[in-house]
Amino acid sequence: MKAAIQLNGVSKIYKDKKAVDNLTLSIAEGTVVALLGPNGAGKTTTVSMILGLHKPTMGTVKLLGGDPGDTRVRDRIGAMLQDVSVIDGLKVGESINLFRSYYEKPLPLAYLLKVSNLEAEKDKMASSLSGGQQRRLGFALALAGDPEVIFLDEPTVGMDVTSRQLFWDTVRAMAGKGRTIVLTTHYLDEADSVADRIVVINNGKIIADGTPGEIKSETTGRVISFVAGPTVKTEALLALPSVTDVEWSGRKVKVFGTDTDRLIRALVEGKFDMRDIEIHSGGLEDAFQALVQQAN
Amino acid sequence: MNQTMLRATVAQCKAELLRTVRNKRFVIFSVIMPVIFYFLFSSTIGDQDIAGTNFNAYYLMSMTCYGIIGASFTTFSMRLARERSQGWIRMLKITPLPSWAYIVSKIGAQALINLFIIVMMFLIGGIGKHIDLPVSTWLSCGAWIWIGGMSFMALGTLFGSMRNPDAVQVISMIVYMGMSVLGGLWMPVTTMSATMQDIAKALPTYRLGQGAWNMLSGGALDWGGIGILAAYVVVFMVVSSYIMRKQEAV
């Protein structure tokens, strides 16, 4: 498969801080990649360098085989950036049409209004839209040129549940048409359900890279938590089969184990004083937390 | 230049025009105020001679300059500042719109806006006050204000390079009003003290007006005045591009 995006030994150094540290990453055409990481991990800086908005201090960036600053490359990409508001003095439809005019083969206005769920707002001033609606307008602008590579930097911030649903449905449809999608998000369940590859970045470095399933299985993941009576002691819990760790917060205890099926049986048979029992299968959230903690 | 770039430039230009016309400040400072001021002052001062010409004609040129300068100072600079503070420039950078097309569309739109103000003022003032000038004088005065007036885009760009749109609004308004009064656009410089006249002569606002006033009295363009205006353009262009570059150097 051809690489849509190729980063080779890319670093970005601001005055005294290394925002991105010797990053090498190849993203194949037609994949949906989620860049995850805590705030300040270097996700947005990485995206900015791929887009040619920032120049890497070291290393090379190739987008669709070329320079991101090249007009012919830009004709084939689209992006929703953070901290970009709408343009003043233009209506929604006018803003979209303005963007459509920049591209060789723009998508029809009606389609863009539909997928951004802004059909009713077409003749409203863009600046009068709510935060979530402005985000959706940003999505329509990102898609205006029928891009092959789409960048979505924290795309769903401020969107309501319905909009979010439609948004991801559209993104999935785009992915189904072989588009390459690079997204960053704080909502891990979104990344889990959309992405076919997850790259976890921390302190400017890649600390994990794989399918959502692989990322989840890399960490122990499973937890049984309950409110414990006074007779329950840490030592007794640690002695149980497959237990790796015990964590208290007040009377609530979290028992980490590799085999929660055996563990729950042992807890019941051992007549531990338990209330409000919950078993969590490790989600992406837990895996992510564990990875970042390990790296730190 | 290919089809798409041409289409993009035209669309960008159209968007600039729409944004300007929808801006209340533009309507107030570049359309309503010059017209009202013109009729107010030409009616109170009346039909007398000034600087070798009729006051009504003289003041029509003053107010036309005033309107044009306002369009560059208050609305053009605001559009720039908003685009920058709202991240719009960043967004445009990842589109295939070339930066030259962006600049050309800005200049093209401003040229159309200025032309509109000139034609409007000349029609309203000329008909309303029965100003009788040879066609060649109308054309040469209009052409001078049109071309010379473009130089105020450079100062507008400097205001637009400031980060805070609210500050841009206040500062550009102060400079606009200050320069218009001191440059003799509101009251002719001949009514001012010698010191004030010296100050006026150093200002670009005076130099824009002077070109037109000279032509009314049958004089030619003053190359010294053009030189001063051009010097302002160069300085403002250099300073604003330095500021913008510094802001973007990350």
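How many bridges join β5(A) and strand β6 of chain A, and in which sense do the two strands pair? The following report on this predicted model begins with that pairing.

## Two paired strands in chain A

Strand β5(A) and strand β6, which spans residues 149-153 of chain A, pair in the parallel sense over four bridges. Within this pairing, A:Ile77 stands opposite A:Val149 in β6(A).

Strand β5 of chain A covers residues 77-80. From this strand, A:Ile77 and A:Ala79 point one way, while A:Gly78 and A:Met80 point the other way. All four of these residues are buried.

## Positive phi angles in chain A

Two loop residues deserve attention for their backbone angles. A:Asn117 is not a glycine, yet its phi is positive, at about 55 degrees. A:Asn117 belongs to the loop between α4 (109-115) and α5 (131-143) of chain A. With a relative accessible area of 35%, A:Asn117 is partly exposed.

A:Asp146 is likewise not a glycine and has a positive phi of about 50 degrees. The loop that holds A:Asp146 runs between α5 and β6 of chain A. A:Asp146 has a relative accessible area of 27% and is partly exposed.

## Annotated spans in chain B

An unreviewed UniProt entry assigns the annotation "transmembrane region" to residues 26-45, 57-78, 99-125, 137-160, 167-187 and 223-244 of chain B.

In the model, residues 99-125 of chain B are 100% helix and 0% strand, and the end C-alpha atoms of this span lie 39 Å apart. Residues 223-244 of chain B are also 100% helix and 0% strand, with end C-alpha atoms 31 Å apart.

Note on methods: Residues numbered from 1 in each chain as written. Chains lettered and ligands numbered in written order. Predicted model: local features only at pLDDT ≥ 70, side-chain atom pairs only at ≥ 80, totals over all residues. Heavy atoms only, no water. Buried < 20%, exposed > 50% of the residue type's maximum accessible area, 1.4 Å probe, protein only. Pairing = 2+ DSSP bridges. UniProt positions renumbered as here; feature names shortened; annotations may be inferred.
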